[in-house]
Amino acid sequence: MINRRRAAFAAAAVATLALTTACGSSGTQSAGTTTTDNVQPAGQGTSDYGSSGGVGADGYGGQAGGASGSGKAPKAAPSAGKLALHQDAKLGTVVADSKGMTLYRFDKDTPDPAKSNCNGSCATTWPPVPADGATAPAGIDESKLGSVTRADGVKQLTIAGWPAYRYIKDTKAGDTKGQGVGGTWNALAPDGKKAGAQEPSDVSVFNHPDLGGILVDGKGRTLYRFNKDSAWPMKFGCNDACLDTWKPAKPADRSKLKGIAPKLISTVTRPDGTRQLAVDCWPVYWFTGDEQPGDINGQGKMGLWFAVSKQGKKITTTPEG
C-alpha cells in the first residue's frame, strides 16, 4: 500500500515538473503562488514597433516579459523640460527635448482623441515623454502641448494631440535613428506632423505662433530685413561692425523654395562683392542672437529689423517679452 502511494506521488511530481517546464518557468514556485513569467515568440511585434532586433531580449529593446498591454508602467523617463527645435539636414525642423534628444510620433497612435498604443515592451524601446515639466519654445504654439493618460497610468506629453516618445537607440543630441523605423515612427515637426514630409528648402515658410508665416533659410533661421537698406535704388545700410551681428543670407536656388513665389527671390551683390539673398528686392539677413529654428530675438531690434512674410513684406508685430 505504501509502495503504491509512493509510486503515485512520484508520477504526479514528474507530471507537474513536465508541465512547468513546458510553460517556461525558470525557477521553483512555492505552494499557493502563481508565476509571473511571460513567454513570447522570438521577435513578436517587431514589425509593429519597428525595432530592428538585437536591442533587447524581446525584440523591442526591453526585457523579456514586458508584453504590450501588461499595464505595468515602464521606468520613469526624464522630463522633456523646455522643448527645442533642431534643423536636420534631411528632415527639416524637428522637435527635441531640452537635452536635444529627438521626439517621435507613432502612426498607430491617434491624435483626436489622443491615445497611445505603444505599451509594454514597445514603451521600453520608445520611452513615453512625461507631460509634467514640458514647456514650449518660441517656435511652438503653447496650445499645441497637451497630455494623455496612458494605460499604464503615465501622463504622456502630446504635441497637436500626438503622443511623444524618445528612441532608445538615439544616444546623443541631434540623433534621428528612429526616423522611419518599421515604417511607423517619425520625428515630430513643430505642428505635430511628420518631419521630413517634404525636402528641406533654401527658403521656406515657418508657421510662427506669434508672427504667423515667416521666411526662414535652409537652416531654419529667421530672415530679417533692415529699414536702413533700400530696394530701389539699391542701398546697403548694414556694413562693417553691423555684419558681426547680422549676417547676409546666402543666395537661394529658385527650384528649392517652399511656400514663397520664385519671382520674389533674387540675388544682390554687396559693395564688398558678397552675393546676398534678396526678397522682393530687399537684402535679407539672419541674426546671430537666434539660437534655434523659431527664434525671433531680432524682431523689432532698434525699431529697424523685422521678419519677412511669405509675400515679401516686413512684419512689424513685436511679441511682448
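Two rings of Phe, Tyr or Trp, the last taken by its six-membered ring, count as an aromatic pair if their centres lie within 6.5 Å. With that in hand, let us walk through this predicted model, which holds twelve aromatic pairs.

W126 sits in the loop between α3 (122-125) and β6 (145-149), while Y167 belongs to the loop between β8 (162-163) and β9 (185-187), so their contact ties together parts that are 41 residues apart in sequence. W126 counts as buried because its relative accessibility is 0%, and Y167, with a relative accessible area of 6%, is buried as well.

Now move on to W246 and W305, another stacked pair, with centres 3.8 Å apart and 0° between the planes. Here both partners come from strands: W246 lies in β13 (residues 246-248) and W305 in β19 (residues 305-308), so the pair links parts 59 residues apart in sequence. W246 is buried at a relative accessible area of 4%, and W305 is buried at 0%.

If you return to W126 and Y167, you will find them in one aromatic cluster together with Y104, F106, Y165 and W185.

The cysteines come next. How many disulfides does the model contain? The count is two, and numbering the bonded cysteines in sequence order gives the pairing 1-2, 3-4. C118 and C122 form a disulfide with their sulfur atoms 1.9 Å apart; this link is left-handed, with -110° about the S-S bond, and both C118 and C122 are buried. In the disulfide of C238 and C242, the sulfur atoms are also 1.9 Å apart. The torsion about the S-S bond of C238 and C242 is about -100°, so that disulfide is left-handed. C238 counts as buried because its relative accessibility is 0%. C281, at 42% relative accessibility, counts as partly exposed, since that value falls between the 20% and 50% cut-offs.

Strands β2 (92-96), β10 (203-208) and β11 (212-217) each supply at least two lining residues, and β10 gives the largest share, with five. By class, the lining has eleven nonpolar, twelve polar and eight charged residues.

Definitions and conventions. Residues numbered from 1 in each chain as written. Predicted model: local features only at pLDDT ≥ 70, side-chain atom pairs only at ≥ 80, totals over all residues. Heavy atoms only, no water. Disulfide = S-S within 2.5 Å. Buried < 20%, exposed > 50% of the residue type's maximum accessible area, 1.4 Å probe, protein only. Helix = DSSP H or I, 4+ residues; strand = E, 2+ residues; numbered from the N terminus. Nonpolar A, V, L, I, M, F, W, Y, C, P; charged D, E, K, R; others polar. Phe/Tyr/Trp six-rings, centres within 6.5 Å; stacked < 30°, edge-to-face > 60°.
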